[in-house]
Amino acid sequence: EIHIKEPVEKEVNPRLLPGELLLCEASTVYKYIQEDGSNRGTYGKLVCTNFKISFLDDDSASDDNEPQFKNKIVGENDITLQCVDQIYGVYDEKKKLLTGQLRKYPEKLIIYCKDLRVFNFCLRYTKEEEVKRIVSGIVHHSQTPKLLKRLFLFSYASAAPNNTDGRNQTVMFETLEDWRDELERTKGNVKYKAVTTNEGYRVSEKLPLYFVVPICISEESILKYEGRGIPIWCWSCHNGAALLKMSSFPKEQDDSTSQMQKAFLDGIYKTISKPPYELLKMDDLSSSLPSLQDIQTAYTRFKQLFLIDNSTDFWATDVKWFSLLESTNWLEIIRRVLKKAIEVAECLEIQHTNVLLIEESATDLCCVISSLVQVMMDSYSRTKSGFQSLIQKEWVVGGHGFLDRCNHLHKSEKEEAPVFLLLLNCVWQLVQQYPPAFEFTETYLTVLSDSLYVPIFSTFFFNSQHQRDTNKSGESLKTQSGPFRFLTVWDWSVQFDPKAQAFLNNPLYAEKPKPDKSQRKTARFKHQRQLSLPLTQAKPSTKRGFFREETDHLIKNILGKRIGKFINSSDEPPNSLREFYDSWHSKPVDYHGLLLPRIDGPEIKVWAQRYLRWIPEAQLHGGGTIATAAKILDLMEEVQSLQVKMDEEHSQAVSGDVHSVPMLRNSARLSSLFPFALLQRQSVKPALPTSTWKDLEDEDDLVRRDDEFVDLSGDML
């Protein structure tokens, strides 16, 4: 039985952006509402443009019931072509992956998105010719390889008026002055210098136009091997120790070349190990952290846990939640990356040692570790503008291959790896452990992860600064003269109005000018569902065996050759890292000082907002962090109004805008899916006489034990 709305009679046309073209469409398409596995849904029109796939029903035509947190570019029934992960067709109840040319067209279309949404469309009532056009169009435009200039980024840049908000405080690191200012801010300008050697990209197309190196490094050295083997400055600690990165030489080379490169490296190391430079410790990340292929494999398994088709699938896998989560290895990778960042922080903070991160290109795991260390050690990187400047410095200008790693052009799946997502997952761990230390919220991080797939911003759609600069010039339309003017993702007014942007800012951020001692012992937000793996008795307690199992691995993998005054990692007491970790956690937290993540066992959690936001079964009615935030905002509003009354009574001038926070009324009616999904119907565990549940009847204790952590109706307050 199918519960349906009547087909749309009035014509509904898609809202097109500048440069957006309608490519194909199909009427009388039925979109399922996959709340409970029923066939309920609505009729509408399915369209494909050069920017997105969009479903239009009669609700699309009205502005009623618009959510408080509306994205102005991508609606709730829009999927950008870059956000499409996989497309399946259903033939006689069997799912088949759709790629390339199709001989037979499906009766049902399932689109899995990179932001973990799942769309189900029934084409049974659609005209055959329209089915052929829309299915082949969607598959072709979202799954086949394309040229860079075919990205919607260029169509939009050539057609859109350039009227963005110019008051962006993010440092873009595109000028020499930006780098000099950063050196001055971190007090690194005594030992390091910004160089112009790569102007015109004469050293390397992979390096940025400007970067920072030790003062003693000559221009000839930088030019010799196209920037390889040169320590590039990332950040300086308050005590003078610096974090550096270096792209290594290819491993497979003939002996004479290898000897020359080794001699070159020895000379560089000796130069930067003499005073005034600190002792140097090298860390080859390609051997001490998981490979990009391991990261991609783990994430591919992990995301499958959240691409839920229906309620039956959700509850059938819910009982095996812990074993499924552990088998992905994703949380373990996050733990290892955070632990590596703690190691680097200990070298800089306690040992006053320079740390040189080494990687083949120095644009993947080097970006993750250097960014994490700065977030942990530099409170400026925990402000919104500071964090955005950090992403610009280490990732965008630093040369991370967003185009390849996100596979935006569908050129090669071998190059794909969620490296930037890994960083955001790690930063989220810190945000949820120390909320007052961050000016931004988890909603900000979630929106930032979604922006990876919105091709109107240039930020995440090039592999290097050189690639962006060389593709800036060109004329795609007659109206366009001169270079393209690309948007930056940091102008949030393009996607959200001021009311929605308020959700990106943390109302409880402990601002530096007003240190509040009472906030030191802040209440930790309770998690809604058991989102971390529990400690099991099968393994030794992680409280005692935290680093022990990896000590040998650590010693083997940190490059510790003695050159001059280098530190050999085997000289270091194996428990010094554990002592540093325990000592820091035994003291009160300074939200503007060093932050160390808790990484013992269950402290590493699943980023619930990003991964569970589209699953109604996982929601908490009136609960979750958003309900907590809503209550806080209500209290702030009340306090501010009382303050106004007091000021009026004392005839004092009212300072500040008292209506600067969004008014979230009826927070009990919100659910933990807010602000990304509206309040959903209460989902009930189905009493299914299926073999799955029959098998589990004997394991009722296990079900009950898992469900102790799942309160789908409780108010977290």
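Let me start with the nonpolar core. In this predicted model, the largest nonpolar core has 163 residues. Phe387 and Ile456 are the residues with the most contacts inside that core. Among the secondary structure elements, helix H10, residues 330-349, gives the most to this core, with 12 residues. In soluble globular proteins, nonpolar side chains tend to be buried together.

Take Ile456 as an example. Setting aside neighbours within four places in sequence, Ile456 is in contact with Leu17, Phe51, Ile73, Phe152, Leu153, Tyr156, Leu487 and Val494.

Now the protein as a whole. The protein has 717 residues, and 56% of them are buried. There are 23 helices and 14 strands. If we take contacts between residues at least 6 apart in sequence, 74% of them join residues at least 24 apart. The accessible surface comes to about 33400 Å², and carbon and sulfur atoms account for 50% of that surface.

Strand S1, residues 22-32, pairs with strand S2, residues 41-49, in the antiparallel sense over 8 bridges. Within that pairing, Ala26 stands opposite Leu46 in S2. S1 is also joined to strand S8, residues 118-122, by 2 bridges, and these two run antiparallel. There, Tyr30 has Cys122 in S8 as its bridge partner.

The other strand to look at is S12, residues 242-247. Is S12 mostly covered or mostly open? S12 is mostly covered, with 6 of its 6 residues buried. Ala242, Leu244 and Met246 point one way, while Leu243, Lys245 and Ser247 point the other way, and all are buried. Note that Lys245 and Ser247 are included in that buried set.

S12 has partners of both senses. Strand S11, residues 232-236, is joined to S12 by 4 bridges, and the two run antiparallel. Ile232 stands opposite Lys245 in S12. S11 and S12 form a hairpin with 5 residues between them. In the turn, Gly240 has a positive phi of about 100°. Strand S14, residues 354-359, is joined to S12 by 5 bridges, and here the strands run parallel. In that pairing, Ser247 stands opposite Glu359 in S14.

Last, the cysteines. How many disulfides does a search of the whole structure find? The search finds 0. A disulfide is a covalent bond between the sulfur atoms of two cysteines. For Cys367, the closest cysteine sulfur is in Cys366, 7.0 Å away, which is too far for a bond. The cut-off used for a disulfide is a pair of sulfur atoms within 2.5 Å. Cys367 is buried, with a relative accessible area of 0%. Cys347 is buried as well, with a relative accessible area of 5%.

Note on methods:
Residues numbered from 1 in each chain as written. Predicted model: local features only at pLDDT ≥ 70, side-chain atom pairs only at ≥ 80, totals over all residues. Heavy atoms only, no water. Core = buried A, V, L, I, M, F, W, Y, C linked by side-chain atoms within 4.5 Å. Buried < 20%, exposed > 50% of the residue type's maximum accessible area, 1.4 Å probe, protein only. Contact = heavy atoms within 4.5 Å. Areas by Shrake-Rupley, 256 points an atom, 1.4 Å probe, with all protein chains shown as cover. Pairing = 2+ DSSP bridges.
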